[in-house]
Amino acid sequence: MATVTRENIGLLNDKITIKVAGADYLPSFEKALKNYSKQANIPGFRKGMVPTGMIKKMHGQSVFADEVIRTVEKQLGDYMQSEKLEIFAQPLPLATETAPKLDMNNPTEYVFDFEVGLKPAFSVADLSKEKMTRNKVTVTDEMINEEVNRLQVRHGKLADRDAVSEDDNVLNVTFTETDANGNVIEGGIVKDNSFLLKYFAEPVRSTLTGKKKDDVFNIQLNKAFDEKEREWVLSDLGLDKHDEAAAAKFFNVTITKVGLVEKAELNEETFKAIYPKKDIKTEAEFRNEIKEEIQSYWDKQTKNHLQHEIYHVLVDHTKIEFPESFLKRWMQTGGEQPKTQEEVEHEFPTFVNQLKWTLITDQLVQENNIEVKNEDIEAFAKQQLFGYMGMNMQDEEQPWIAEYITRMMKDRKFVEDAYHRIQTEKVFDLVETKVNAIEKPVTVEEFTKEAEKHQHHQH
């Protein structure tokens, strides 16, 4: 009769020893041989008529080894289930001095050793004791004015002008590559473009006032544009935006048209064009809608920032012990590709942090009965689709949307990914309620600096 014993060999690290005798594995070995002889295709014998003795001679040893190992694995599985062992990864076979030599002609008692890494018991850090800040970005009139202006320009009309007169002039131009003396290079770059006068760097801009259609001027890219605009222009010309030699090239710029965007008026027609689903009548209502949108955007950013901080508090302040030597051995041999000792040492801190976060999440999910239902995943699929299509939730009665959701619910990878993301979101929504955060009004600049500092600290 098989016996299973267990002893502790380190922190959260146990050895499980399984002994199997002939009576445990011989019946299944004989049965496997019989099945083999029924299936075997051997020239000179009809299918199913191959003598068992012949099969035993040809394949007996490998069938014997398979059956012994299968018996051992079943004993191990049954034991872990009956003892309710919570372990990391899978049991690892322990290499011993006296590894069993499996021999079908000498069926005897075999001993196999495995080691397991046990999951620790722990308490999740108490968030109510942590000092935390819930930032609230203040939306200023200046931010609203800037957005109103941007929307007026975007929805405005382009009118022709005779000559360049102001920073907001739109220039249609043709770039033609030249040498430093302004001679056109044969086979060089020729490209049309269109941008605002204010994209040019100040020294060039001031020389362009009064220029008209068909006027030509010569520029060197790195002097004519500041860094941000230069990168954009280089990419548009098909050049590498990080290539200094490309930035030093010369071009003739021919003006093909001078225009000016006449801003859209702030009236009901414009409000309807910008917010077709809203009934906005006055400029005050329009500005209020913009304010809410900006506020909603920054609320999301500050919420993400707070959650990021909560994550670090939970990981840093929850004390969990790990069977490190077991986990390192498992990392070395348990994956698809074996790893070197150096690789394991390098990857271990990140690996343990991820493991820690998984344990914390699992515990929070169990303690708080956090569930992800089918309708949550369907809503997630719909939200994702609307995000891709730039649609509003009001458009949702169309039959193809329901078909899309049904199709996504059959995609196993999508469902697993969505399940994981929704569960994480629910965990964060829960832990956020346990935080005693002090609300603090901040400017965009203050918040951005704080968020950057935090990210920098992470790296």
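In which loop is Lys-84 found? Lys-84 is found in the loop between α2 and β3, the latter covering residues 87-93, where helices (DSSP runs of H or I, at least four residues) and strands (runs of E, at least two) are numbered from the N terminus. The model described here is predicted, so that local features need a pLDDT of at least 70 and side-chain atom pairs count only at pLDDT 80 or more, whereas totals for chains, interfaces and linings use all residues. Residues are numbered from 1 along each chain as its sequence is written, and side-chain values use heavy atoms, with hydrogens and water left out.

The protein as a whole contains 15 helices and 11 strands. Its radius of gyration, taken over C-alpha atoms, is 35 Å, well over the 23 Å that the globule rule (2.2 Å times the number of residues to the power 0.38) gives for 459 residues, and the protein is therefore more spread out than a compact globule. Along the principal axes, the C-alpha trace spans about 105 × 65 × 50 Å. Of the 459 residues, 37% are buried, a term that denotes a relative accessible area under 20%, while exposed denotes over 50% and partly exposed the range in between (1.4 Å probe, protein chains only). Contact is defined as heavy atoms within 4.5 Å, and among contacts between residues at least 6 apart in sequence, 72% join residues at least 24 apart.

The accessible surface, calculated by the Shrake-Rupley method with a 1.4 Å probe, comes to about 28700 Å², and carbon and sulfur atoms account for 49% of this area. The protein carries 61 positive and 82 negative side chains, and the centres of these two sets lie 5 Å apart; Lys and Arg are counted as positive and Asp and Glu as negative, without His or the chain ends, and each charge is placed at NZ of Lys, CZ of Arg, CG of Asp or CD of Glu.

An unreviewed UniProt entry annotates residues 4-151 as "domain: Trigger factor ribosome-binding bacterial", although such annotations may be inferred rather than shown by experiment. The end C-alpha atoms of residues 4-151 lie 74 Å apart, and the span is 41% helix and 25% strand. Glu-67 is placed in helix α2, which comprises residues 52-82, and counts as buried because its relative accessibility is 8%. Residues up to four places away in sequence being left aside, Glu-67 touches Tyr-25, Ser-28, Phe-29 and Ala-32.

Backbone angles were also considered. Most residues other than glycine have a negative phi. Lys-84, however, has a positive phi near 50°, and this residue counts as exposed at 69% relative accessibility. Asp-214, which is likewise not a glycine, has a positive phi of about 75°; it is located in the loop between α4 (202-205) and β9 (216-220) and is exposed, with a relative accessible area of 53%.

Lys-278 lies in the loop between α8 (268-274) and α9 (283-317), and at 38% relative accessibility it counts as partly exposed. When neighbours within four places in sequence are set aside, Lys-278 is in contact with Lys-272 and Glu-289, and the C-alpha atoms of Lys-278 and Glu-289, which are 11 residues apart along the chain, are separated by 9.3 Å. For residues 284-388, the unreviewed UniProt entry lists "domain: Trigger factor C-terminal". This span is 82% helix and 0% strand, and its end C-alpha atoms lie 31 Å apart.
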